[in-house]
Every structure is written in C-alpha cells, then in structure tokens.
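Here are some exercises to work through with the model open beside you. Try each task before you read its solution.

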Amino acid sequence: MWPLVVVLLLASVRCGSAQLIFNVIKSVEYTLCNQTVVIPCFVNNVETKNITELYVRWKFKGENIFIFDGSKRMSKPSSNFSSAKITPPELLRGIASLKMDKSDAVVGNYTCEVTELSREGETIIELKYRVVSWFSPNENILIVIFPVLAILLFWGQFGIVSEYSAKNASGLGLIVLPTVILILLHYCVFMIAMGMSSYTISILILQILGYVLSVVGFSLCVSECIPVHGPLLISGLGIIALAELLGLVYMKCVASNHRTIQPPKSN
C-alpha cells in the first residue's frame, strides 16, 4: 500500500512541474541603429545541469528558423535566418534568447519552444521595428527654417540695394532656377517611401506647373528694366511651396496609418 502511495505522490509532483514556465515578454523593438537583434526568451524553472537534456526550437510564421539539439550539440539555422544563434551555456540558466544580424530580422511573431527531457513549453514574442528620427522634432523645424529664413533675408537685401543689371538678373536666376531640385527630391522621397500614386503624381505635376510659371515670370522680368511680371514669378514659387506642404501632409497621414513598419533591408 505505502509503495503505491509514494509512487502516486512522486507522479503528482512530476506532473505539477511538467510545464516549463516562461517570463512573459509580449514584444521587443529594434531600430536602424541596431547591428544585432535579440529576441528574448527566458525559462524560469530549468532544473537540469546537463545541456544534452535540452532542446530549443525557434519558429516564425509556423516555420522552423533555428533548432538547437543538446543531445547532438547541434545548432541549425534556416537559410533565411542564417545568422540566427543562441548561446548554449546560457540554456542551463534558462536563457534561450535568439540573436541575429539586423539584415536577417523580419518583423512579426516569433515562437520560442524549449524542451527539458519530458517537460516543455513555449512563448510568443513579437518583434517590432521602431523608426527613430535622425533629429528631434524641434531640431528638424530649425534645420528647415534657418536656411529658408537665410534665403528670404538674402532676397530682401537683393531687392533693397540692387537696381537692374545683368549681374543682378543672374543672381535672381540662381534663386529661382535651382527650385527644380525640389521637384527631383520630392520624386525620390515618394519613390523611396511609398511609390507613385495618383495623389503623389498630382503633387509633382503641381510642382512642375509652379516651376514653369516661375521660370516664365523670371524670363519676363529679366527682359525688362522695370519688371512688371513679378507676381507671375512669385505665384510660381508659391505653387511650389504649396506642393511641398501637400506632400508633407500626405507623408504624415500615410505614416500614421502604418502601425507596423517594415524596415528597409540592408545589403
């Protein structure tokens, strides 16, 4: 009778600890500045002192991306996550965190499965990508405002102290003509960030229209000693500025609609 009771007690104790317990970590973030991405996985109740009794498997979207077999002392990452690895000695302390190069990291849910002899368990961690601004919002504003302010102040000086001359007409051309660079830069930004759409094409067409008006106004102004087509030139520049504002609003709206951002892949 007593031996049977002892066996049942031991079995109940063993069943009570049959499940490995994990620290619950819902998500982890990485940024462009990270060279290595670490997805944490911590087991609280690892009991073995022998690494041959441990087996670890990491999955992404149901597919195995990394396997560690302690009995064979074998680590096997998948081809899409070739840099994935763990630190085997840390497994004895319950640390099964997955490390990989940033170039292999993909946002989404990762599953960490750990087996210790007959005990096993798993946990799911979401990997997120967080965009970090190169400058703070206030710094971005100042970086934009100060060059624009410098141009406006220079333009004011140009208009106050200058009469018509070939040199001054050339100086005005250096202010007006390079605005075509804004159109090219806007095109590059749209292509890199979201691709072309009917709205972005409309913004670029609006900018081109403004540039044409400003160039036509400039050519009419420099052909006269007293320019009478200044409003045409200024209207063209104003349309270019309006297109830049619409582009900023559009980019802001598109960015706010993307909750999960897939980072660009590095070569």
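**Exercise 1. Find the handedness of the disulfide between Cys41 and Cys112, and describe where its two ends sit.**

Step 1. Begin with the bond itself: a disulfide is a covalent bond between the sulfur atoms of two cysteines. Here the term is used for a pair of cysteine sulfur atoms within 2.5 Å. The sulfur atoms of Cys41 and Cys112 are 2.1 Å apart, and the two residues form a disulfide.

Step 2. Look along the S-S bond. The angle about it is -80°, and the link of Cys41 and Cys112 is left-handed.

Step 3. Cys41 is in the loop between strand 2 and strand 3, while Cys112 is in strand 7, so the pair links distant parts of the chain, 71 residues apart. Strands (E, at least two residues) and helices (H or I, at least four) are DSSP runs, numbered from the N terminus.

Step 4. Check burial. Buried means under 20% relative accessible area, exposed over 50%, and partly exposed in between, with a 1.4 Å probe and protein chains only. Cys41 has 1% relative accessibility and counts as buried; Cys112, at 0%, counts as buried too.

Step 5. Count. The structure holds 1 disulfide. As for other cysteines, Cys33 is exposed at 65%, and Cys188 is partly exposed at 39%.

A word on the ground rules: this is a predicted model, where local features need pLDDT of at least 70 and side-chain atom pairs count only at pLDDT 80 or more, while totals for chains, interfaces and linings use all residues. Residues are numbered from 1 along each chain as its sequence is written, and side-chain values use heavy atoms, with hydrogens and water left out.

**Exercise 2. With which residues does Glu113 form salt bridges?**

Step 1. Take Arg57. Its salt bridge with Glu113 has its closest N and O atoms 2.9 Å apart. Arg57 is in strand 3 and Glu113 in strand 7, 56 residues apart.

Step 2. Take Lys59. The side chains of Glu113 and Lys59 meet in a salt bridge of 3.0 Å, N to O. Lys59 is in strand 3, 54 residues from Glu113.

Step 3. Arg57 counts as partly exposed at 27%, whereas Glu113 counts as buried at 13%.

Step 4. Widen the view. A search of the whole structure finds 6 salt bridges, and Glu47, Glu116 and Arg119 are linked in a network of them.

**Exercise 3. Which residues touch the most other members of the largest nonpolar core?**

Step 1. A nonpolar core is a set of buried Ala, Val, Leu, Ile, Met, Phe, Trp, Tyr and Cys residues joined through side-chain atoms within 4.5 Å.

Step 2. Read off the members. The largest core has 33 residues, and Trp58 and Tyr110 touch the most others.

Step 3. See which elements contribute. Among those that give two or more residues are strand 1 (27-30), strand 3 (54-60) and strand 7 (108-116). Strand 3 gives the most, with 4 residues.

Step 4. Look elsewhere. Apart from this core lies another, of 6 residues, including Ile203, Leu204, Ala243 and Tyr250.

**Exercise 4. How far apart are the end C-alpha atoms of residues 199-220?**

Step 1. Check the record. The unreviewed UniProt entry annotates "transmembrane region" over residues 141-160, 172-193, 199-220 and 232-251. The positions follow the numbering used here, feature names are shortened, and annotations may be inferred rather than shown by experiment.

Step 2. Inspect the model. Residues 199-220 are 100% helix and 0% strand, with end C-alpha atoms 32 Å apart. Residues 232-251 are also 100% helix and 0% strand, and their end C-alpha atoms are 29 Å apart.

Conventions. Salt bridge = Lys/Arg side-chain N within 4 Å of Asp/Glu carboxyl O.
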